[in-house]
Each structure stands twice: as structure tokens, then as C-alpha cells.
Amino acid sequence: MATTELQMSPQLEQIHGEIRDNFRALANGFQRLDKIKDSNRQSKQLEELTAKMRECKRLIKEFDREIKDEEGRNPPELNKQLNDEKQSMIKELNSYVALRKTYMNTLGNKKIELFDMGAGVSEPTADDNVKVASSMSNQELVDHGMKTMDETDQAIERTKKVVEQTIDVGTQTAVTLKGQTEQMGRIVNELDTIQFSIKKASQLVKEIGRQVATDKCIMLFLFLIVCGVIAIIVVKIVNPNNKDIRDIPGLAPPAPSRRLLYLRDLQ
């Protein structure tokens, strides 16, 4: 089905374009795969193509979800065309999957042949080992067995040392964590004590401030009273005949002025 005949939403067009780009990359990749002779490069190329096919599968699923989301807004004919296009892309992807399987089988057979060709060179087979053991004397067999046992014992000892070192490290770590936990507990307790002391100090400062304010008020009132008394005394001394000011208790009124009478002797 031609892509230009489909009326897709912008989201569907973007997904559809990505799928088509991946299909073109797959086609070109399989064409290049025929020209590669090295099996390792072929394996790497197949891995890249497999990743492309996984991406196509993910995009086709996303394409299907978008079709279902827009199914209620599209006419039935358009929904049918979109579903046909989805099925077409699934078939195309399946063809690439089958092609990959064919190349994988061919590449696997090549690897098996290479393994068989190098088996006689790389290491002796079980029959060769039997032949070598049969050609050895009893003393050589005993020596070989003792050597194998010594190597096994050494390997076991190395393993034991690794285990002991691991246990020591774990124990030391546990002791360190315990010490740090206790230290953190002490720090928390000290912080609580400091916070309590700060609260008590704040309350004491507030109490002292209230007391100082009260003392200042009392001293102010006493000063005003003393000033008033002094003012009354001054006024009384300056103007003793002022009746508007009462006599201060305990203070004697000023003595009235007296005139001295002089008697003249009669001559």
C-alpha cells in the first residue's frame, strides 16, 4: 500500500517514517553482510541488525497503540488502511527475522567447522590423555598425582586465605560501624543537652529582662515622688502663705514674722 494514500496524524507519520528508515537500514545491512567474509565481522553486523529489528518491533507496537487511540476519531476506511499498513510492516519485519535466522545458522556452522579444525592443535582430546597416561610409568603417575594434589591443596589454601581476609575485613567494618553508631548516639545526646540548656538560658534571660524592667519602673516612680516632694518643699519655702498647697506631714510651718516692740522710758 502506498504511504502517500494514508492520511496519518503527525505522531503516526513520525513513527511510520522511523520504521521505514529502519527497514532501509536492514536491507542495506543484509546486502553488506553478503560481502563480509570474516565470521567475527559477520557476527558483529548481525548484532547490529538484530538491534535494528528490536527497534522496529518497538515502533510497530507504538504505531498500533496510536492507531487504537485514534480509532474513534478516524473513519472506518482509514482505520482499515492503517491496520493493513501495520500488517504489511509486520510481514516485512518477519522476513528480516527469517533472513537473520538463516545467516545465524550459516555462521554457526562455520564456527563449528573452525572449532573442529583447531581442536587437534589447541589441546589434547580424551583419547590422547589416555594414551599419555598409559605411556607413563607407575612412579611418574604417582608423581603426577602428588603434583596435582599439591596444586589442589595450594588452591584450597589460597581460597582459605581469601575467605579469612574477607571475614577480617567484614569484622573490622562491623566494629567501625558500631563505633561510629555509638559516636553518633553520643553526639545526638549532647545536641539534646545543648538544646535544653539553650532553652533554659533563653527563659532565664527573659526573666531577668522582666525583673530589670520592673526595677526600672519602680526607680522611675520613686524619682518622680522625690521630685514632687522637693518641689512642694521649695514652693512652701518660697511662698509660705500659699493656701493651695497643703502642709507636708512632719514638716513644721514656717514661723510668722514678729515685730519687736521697743518701750521707751518716759522721761
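## Nonpolar core and aromatic cluster

In this predicted model, the largest nonpolar core has 23 residues, of which Ile19, Phe23, Leu26, Phe30, Phe63 and Leu82 touch the most other members. A nonpolar core is here a set of buried Ala, Val, Leu, Ile, Met, Phe, Trp, Tyr and Cys residues joined through side-chain atoms within 4.5 Å.

The structure holds three aromatic pairs, where rings of Phe, Tyr and Trp (its six-membered ring) pair if their centres lie within 6.5 Å, and planes under 30 degrees apart count as stacked, over 60 as edge-to-face and the rest as tilted. The rings of Phe30 and Tyr96 have centres 5.9 Å apart and planes at 5°, so this pair is stacked. Because Phe30 lies in helix H1 and Tyr96 in helix H3, the pair ties together parts that are 66 residues apart in sequence. Ring pairs link Phe23, Phe30, Tyr96 and Tyr103 into a cluster.

| Residue | Relative accessibility | Class |
|---|---|---|
| Phe30 | 4% | buried |
| Tyr96 | 12% | buried |

Leaving aside neighbours within four places in sequence, Phe30 is in contact with Leu46, Leu49, Met53, Tyr96, Leu99, Arg100 and Tyr103, contact meaning heavy atoms within 4.5 Å.

Residues are numbered from 1 along each chain as its sequence is written, and side-chain values use heavy atoms, with hydrogens and water left out. Local features need pLDDT of at least 70 and side-chain atom pairs count only at pLDDT 80 or more, whereas totals for chains, interfaces and linings use all residues.

Methods:
Buried < 20%, exposed > 50% of the residue type's maximum accessible area, 1.4 Å probe, protein only. Helix = DSSP H or I, 4+ residues; strand = E, 2+ residues; numbered from the N terminus.
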